[in-house]
Amino acid sequence: MSDQVGFVTMAGPKAQGHAPEIGVGMLGYAFMGKAHSNAFKKLPYMMYPPVAVPKLVAICGRDEQATRAAAERYGYQRYYTDWRALLDDDAVQLFDNGGPNDTHAEPCIVAAHKGKHILCEKPLARTAQEAAGMLEAVTKAGVKHAVAFNYRFVPAIRLARELIEQGRLGQIYHYRAVYLQEWIMPHYKMGYIWRVDKRIAGSGALGDLGAHIIDLARFLVGEPRRVSAATQTFIPERRDGSGAMKKVDVDDAFVATVEFENGALGSVEATRFAAGRKNFNSFEVNGEKGSLHFNMERLNELEVFWVGEEPKETQGFHQINVSESYHPWCSNWWPQGHIIGWEHTFVHEINHLLDAIVNDKPVAPYGADFVDGYRNAVICDAIAQSALDGRRVEVKY
Ligand code: SOE
């Protein structure tokens with residue numbers, strides 16, 4: 001009998017099922033453009049069978065040469081240098097805003113008015129007021145909306161949320177989080193970049209890194225009621241592209257206390273001046289029945305301590321390797337112990353949004369939507385206000 005040879009149409013993962021295609025328009029081709037494009041391409045064959053198949057319709061950026069190169073590199077059908085043209089493209093059904101913070105509001109509002117679903121990088125906006133306008137637009141438009149607080153999609157952090165949700169920690173007493181990086185310290189000789197320009201970024205470490213651990217505070221513990229904070233700018237001016245020295249008008253670091261509505265007491269700290277810390281996003285939750293500890297630089301591990309664990313002589317923190325098939329998302333990847341990385345959180349996050357779009361599900365509470373983005377902005381504003389006034393500031397949504 002002749003060898004049976006089967007032929008599969010080169011439609012890719014969609015050939016296996018009836019997953020609809022969703023046209024993607026990506027604003028931004030740098031770090032987040034790369035992370036998101038990688039996720040769109042990997043998603044259909046790893047989150048398999050896919051709930052939807054992202055179609056890379058177009059990518060947009062100011063620099064035509066760089067944008068064209070990104071379109072070719074990632075496989076976008078076309079490219080634009082004007083986000084308005086990108087949003088006029090009817091093949092774009094999902095607008096993914098990976099641009100700098102000052103290009104979050106207007107494009108997202110226009111995308112909502114055009115009925116496009118939206119994924120916007122964090123922080124949602126530079127201020128709570130700007131975030132409120134974005135939330136109003138997506139709510140009125142009835143489109144699905146998500147903010148890329150990707151750390152909610154680390155398996156170990158989702159496991160922490162599930163353990164807390166199940167009451168395994170009992171009453172929560174503390175949330176203690178730091179997000180430490182080093183990449184704008186003097187030895188990096190970093191000039192006046194957009195992330196230190198209040199007009200573009202809105203804030204410094206607060207909105208860039210603090211936003212993540214503030215989002216996780218809400219995701220794991222609950223709503224903050226009051227904050228008290230201090231900020232510092234260690235390098236007061238930096239050389240801009242013209243060679244002139246320019247005043248830095250954002251925080252290089254902040255430290256804040258957080259009083260939660262449920263009585264828990266917390267602290268959050270972020271800096272880009274922690275020498276040796278590369279992407280040290282770490283938290284600990286202390287509860288009545290135990291504690292959880294996580295460190296992003298060891299993202300496949302969750303350290304746990306359970307009160308009353310027997311036998312007493314072996315009590316102590318122990319480490320869970322969060323890579324078993326029964327751990328969140330891990331069955332999509334590899335056998336236990338064959339760990340995943342930072343990039344995979346974007347695959348989980350975007351898959352969650354596509355599922356919400358295709359099956360009309362809510363993005364929250366496991367994904368962050370524009371309500372989460374707005375509340376995050378309110379808390380960041382309160383922290384900045386407290387540091388300015390030197391007093392505790394109530395968090396009011
Ligand atoms: C830079 O600080 C940065 O890229 C943040 O903007 C990201 O949100 C974080 O995940 C990694 O560091």
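Reader: Why is the pairing of the side chains of Asp89 and Arg78 called a salt bridge?

Author: The N to O distance between the side chains of Asp89 and Arg78 is 2.6 Å, and a salt bridge is a side-chain nitrogen of Lys or Arg within 4 Å of a carboxyl oxygen of Asp or Glu, so the pair qualifies. Asp89 sits in the loop between helix 3 (83–88) and strand 4 (94–97), whereas Arg78 belongs to strand 3 (residues 78–80), 11 residues apart; helices (H or I, at least four residues) and strands (E, at least two) are DSSP runs, numbered from the N terminus. By this rule the count comes to 29 salt bridges.

Reader: What do these values rest on?

Author: The model is predicted, so that local features need pLDDT of at least 70 and side-chain atom pairs count only at pLDDT 80 or more, while totals for chains, interfaces and linings use all residues. Residues are numbered from 1 along each chain as its sequence is written, and side-chain values use heavy atoms, with hydrogens and water left out.

Reader: What makes the chain one of two domains, and how many residues of each are in contact?

Author: The assignment, automatic or from a database, gives domain 1 (6–149) and domain 2 (151–394), whose C-alpha centres lie 24 Å apart. With contact meaning heavy atoms within 4.5 Å, 44 residues of domain 1 touch 47 residues of domain 2.

Reader: What area do domain 1 and domain 2 bury between them, and which residues supply it?

Author: Buried area is the accessible area (1.4 Å probe) that two parts lose on being put together, summed over both, and here that loss is about 3900 Å², 73% of it on carbon and sulfur atoms. Met47, Lys144 and Phe149 supply 22% of the area that domain 1 buries against domain 2, more than any other three residues. The rule also finds three salt bridges across this interface. Lys144 meets Asp360 in a salt bridge at 2.9 Å, N to O.

Reader: How is the packing of helix 8 and helix 10 described, and what makes up the contact?

Author: Axes are lines fitted to C-alpha atoms, for helices over the stretch in contact, with angles from 0 to 180 degrees between N-to-C directions; on that basis helix 8 (residues 205–220) and helix 10 (residues 370–389) pack at about 115 degrees, with their axes 10 Å apart. The contact includes Leu206 and Arg218 of helix 8 and Asp372 and Ala384 of helix 10. Its residues divide into seven nonpolar, one polar and four charged, where Ala, Val, Leu, Ile, Met, Phe, Trp, Tyr, Cys and Pro count as nonpolar, Asp, Glu, Lys and Arg as charged, and the others, Gly among them, as polar.
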